Amino acid sequence: MSHYLEPDLLLAKLVSDLEPWVREQKGLLSVAADPWHFLELLAEAPQGWRAVLHFSGDDNRMDDPDAGCWCNYRFEVGVTCQKGLSLDPEEGLYKPRPGHAPALLRLVALTRQRIRSLEFVVEGSPRHVLYRGCEPIVLPDGTPLSGYRLRFELIAHPEPIEAYRQI
């Protein structure tokens with residue numbers, strides 16, 4: 001098995017860690033293929049709450065082609081839940097929801113904490129997830145969702161190329 005970290009391996013590791021945890025918290029984990037799919041999944045009315053994982057690209061940190069490649073892998077996790085039936089549905093933002101379900105902002109905090117606790121070993125050294133912020137989720141038409149987008153980065157070294165090919 002390679003000790004380098006490519007995007008597919010990053011997503012696989014995130015899913016294997018988050019899926020049982022989200023299920024234990026009475027939620028559903030989905031993986032989004034693209035930014036539109038990310039919004040579609042979050043706009044669905046889940047039973048309980050939903051976390052949506054999306055790989056949103058990378059940036060090369062190196063300027064010299066002979067220096068190899070270190071990337072900032074960017075990924076996002078959207079957290080959303082139904083407001084529920086109550087006299088003041090907005091209370092579900094900060095107070096436990098019906099059935100003693102955690103408040104939306106509690107789920108955001110728990111998800112952020114879970115992901116920040118992850119450690120990836122890349123080329124024998126530990127790499128920690130960098131938290132880049134949280135923002136409310138708004139559809140392109142301006143409709144706000146009952147959810148938040150958590151943004152993360154991980155600095156990693158993808159598989160090096162064997163040799164240059166002349167064409």
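Two strands count as paired here if DSSP finds at least two bridges between them. With that in hand, let me start with the sheet. Keep in mind that this is a predicted model.

The sheet is open and is formed by 5 strands, in the order β1-β2-β3-β7-β6. Its pairing is mixed. In general, strands of a sheet pair through backbone hydrogen bonds, and they do so either parallel or antiparallel. At the edges stand β1, residues 27-32, and β6, residues 130-138. Each has a single partner strand, so one side of each has no neighbour in the sheet. On average, and ignoring direction, neighbouring strands of this sheet are turned by 25° against each other.

Now to one pair of strands, β2 and β3. Strand β2 covers residues 49-60 and strand β3 covers residues 71-81. The two run antiparallel, and 11 bridges join them.

What about aromatic pairs? A search of the whole structure finds 4 of them. One is formed by F55 and Y73, and this pair is edge-to-face, at 5.9 Å centre to centre with 65° between the planes. F55 lies in strand β2 and Y73 in strand β3, so the pair ties together parts that are 18 residues apart in sequence.

Last, the helices. Helix α1, residues 7-24, packs with helix α3, residues 104-116, at an angle of about 150°. Their axes are 11 Å apart. Angles over 145 degrees count as roughly antiparallel, and α1 and α3 are therefore roughly antiparallel to each other. Their crossing is right-handed.

Which residues of α1 and α3 meet? From α1 there are D17, L18 and W21, and from α3 there are L110, T111, R114 and I115. Sorted by class, this contact has 4 nonpolar, 1 polar and 2 charged residues.

Key: Residues are numbered from 1 along each chain as its sequence is written. This is a predicted model: local features need pLDDT of at least 70, side-chain atom pairs count only at pLDDT 80 or more; totals for chains, interfaces and linings use all residues. Side-chain values use heavy atoms; hydrogens and water are left out. Axes are lines fitted to C-alpha atoms, for helices over the stretch in contact, and angles run from 0 to 180 degrees between N-to-C directions. Helices (H or I, at least four residues) and strands (E, at least two) are DSSP runs, numbered from the N terminus. Angles under 35 degrees count as roughly parallel, over 145 as roughly antiparallel, 65 to 115 as roughly perpendicular and the rest as oblique. A crossing is left-handed if the near helix is turned anticlockwise from the far one by less than a right angle, and right-handed if clockwise. Contact means heavy atoms within 4.5 Å. Ala, Val, Leu, Ile, Met, Phe, Trp, Tyr, Cys and Pro count as nonpolar, Asp, Glu, Lys and Arg as charged, and the others, Gly among them, as polar. Rings of Phe, Tyr and Trp (its six-membered ring) pair if their centres lie within 6.5 Å; planes under 30 degrees apart count as stacked, over 60 as edge-to-face and the rest as tilted.
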